[in-house]
Structure formats: C-alpha cells, structure tokens
Amino acid sequence: MADKHHKEERTFVIIKPDGVQRSLIGEVIKRYEKIGLKLVGLKMGVTTPDMVEKHYTLDPEWMRKTGEKTIANYKKKGQEPPSEDPLEITKVVLESLKRYITSGPVIMMVWQGAHAVGIVRKLTGATEPLSSDVGTIRGDFVLDSYVMSDVAGRAVRNILHASGTVEEAEDEIKLWFKEDELINYRLIQEAILYDVDLDGILE
Ligand code: GDP
Ligand code: MG
C-alpha cells in the first residue's frame, strides 16, 4: 500500500439482509457516494453459511479477538458472560451471523477513494447500534443492542458490514469479487478531490 496513492484505497461493504429489507440500499449508497468515494464493484445475491464463515475467519485472530471483546462488553455492563472461553463465545456469534447474513439477499460493494476504509467505517458507525453515533448510518437507521440480540440468541442487526483495516479489505475483496468484476475508471470529480492544482475551472 505504501507505494500507492491514498485515492486507490479500497474497502468492502455488505448491506446485510435487514438493510435490504428496510429499503436502505439507496440511502447507504447515497452516503458513501456523496462523500466522494467511487463505486468500483456491485452485486446482489444470496450468500451461503460457508461464505460467511470464510469471511469472518479470513483473519485467524478474529475468533479470539471478537470473543475477548464480547466478554469485555459483558463485564463492562456488570454482567456475567455465558463463557470465559473467547472461542466458545465466538462460535455461537458466528452461527448467529451465518443465519442472519444468509436469511435474504445482500448487496456486496467495493468502494474506492482516499482513506476508503476509515471513511466508510466513520460513515457506517460503531458495530452495536445502541452506541453508534447519531449521523452515522447505524446511528440513524437501526436501534438494536447486544443485550437484546444475545437474549434472543441472534446476531445484532446492524445493517452493514464494512472492512476494518486495509489488509482486511484486500482479503475480503478477493473473497467476494473476481478481478474482472471490479471496474477501473475515472470519475470527473476526482480532479477536484485529488489534483494538486485546480486549473481549468475559471474561463
Ligand atoms: P464490525 O467490524 O463492526 O462488523 O465488528 P466485528 O468485526 O468486531 O464483529 C463482527 C460481528 O460480530 C458484529 O457485526 C456482531 O454481529 C458480532 N459481534 C462483535 N462484537 C460483539 C459483541 O460484543 N457481542 C455480540 N453479541 N456480538 C458481537
Ligand atoms: Mg469487523
């Protein structure tokens, strides 16, 4: 990545089944589009439990990290976690995620532009809708929480997945898209966003 211009950074987004059912496809695309990012890959489909498992285990540490985070979340709220074993906890989370993400059609997208990973995460908002900031997609359009979803034995409904790091994005894009499904093209507005000199505006 070091030798690439920031404007070439790419990130991967899924509009999960609840986002599609809530008729938020246009709203989500509008927000990423309006900030100046470029849509370079887009498809709709129904995915499989196997793909969901592959997706979440691309990072071999995800199971452990998510388990530890979940245990810490319980303790922060003064609650007893269902297990002290991070892997056992994440196994349950992963099964819920498989049921959730395969329950209906999803939109898979690749967005490109300066700091695409960080900008998309900022617009998307924190993972748990209860604490996502107002103004973010999750903060504005969904009201779920871990307390509610854990009691019901389901995944938290948070509308979107967005890559967490540049490395994660690269792996996820390779998993979900073939090279020829991604389109290299120029957007006219990129001149205003990235060119050093704004020549050619005044006549
Ligand atoms: P993301 O990158 O914002 O999607 O968040 P993570 O990669 O950390 O987690 C992926 C998914 O795991 C989330 O969308 C949740 O469904 C689930 N998850 C993460 N942390 C927790 C947690 O503390 N409790 C529960 N119940 N689920 C969690
Ligand atoms: Mg993540």
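At what angle do helix H4 (residues 62–76) and H5 pack, and how far apart are their axes? The views below come from a predicted model, in which local features need pLDDT of at least 70, side-chain atom pairs count only at pLDDT 80 or more, and totals for chains, interfaces and linings use all residues. Residues are numbered from 1 along each chain as its sequence is written, ligands are numbered from 1 in the order in which they are written, and side-chain values use heavy atoms, without hydrogens and water.

**View 1. Helix H4 against H5.** The two pack at about 100 degrees, with axes 8 Å apart; axes are lines fitted to C-alpha atoms over the stretch in contact, and angles run from 0 to 180 degrees between N-to-C directions. H4 and H5 are therefore roughly perpendicular (65 to 115 degrees). Helices are DSSP runs of H or I, at least four residues, numbered from the N terminus. Among the contacts (heavy atoms within 4.5 Å), Trp62 and Ile71 are on the H4 side, and Leu94 and Leu97 on the H5 side.

**View 2. Helix H3 against H5.** Here H3 (residues 49–56) packs on H5 (residues 86–101) at about 130 degrees, with axes 9 Å apart. Pro49, Val52, Glu53 and Tyr56 of H3 meet Leu94, Leu97, Lys98 and Ile101 of H5.

**View 3. Around ligand 1.** Look for Lys69, Asn73, Arg121, Thr127 and Asp150, which come nearest among the 16 residues around the ligand (a heavy atom within 4 Å).

Notes:
Parallel < 35°, antiparallel > 145°, perpendicular 65-115°, else oblique.
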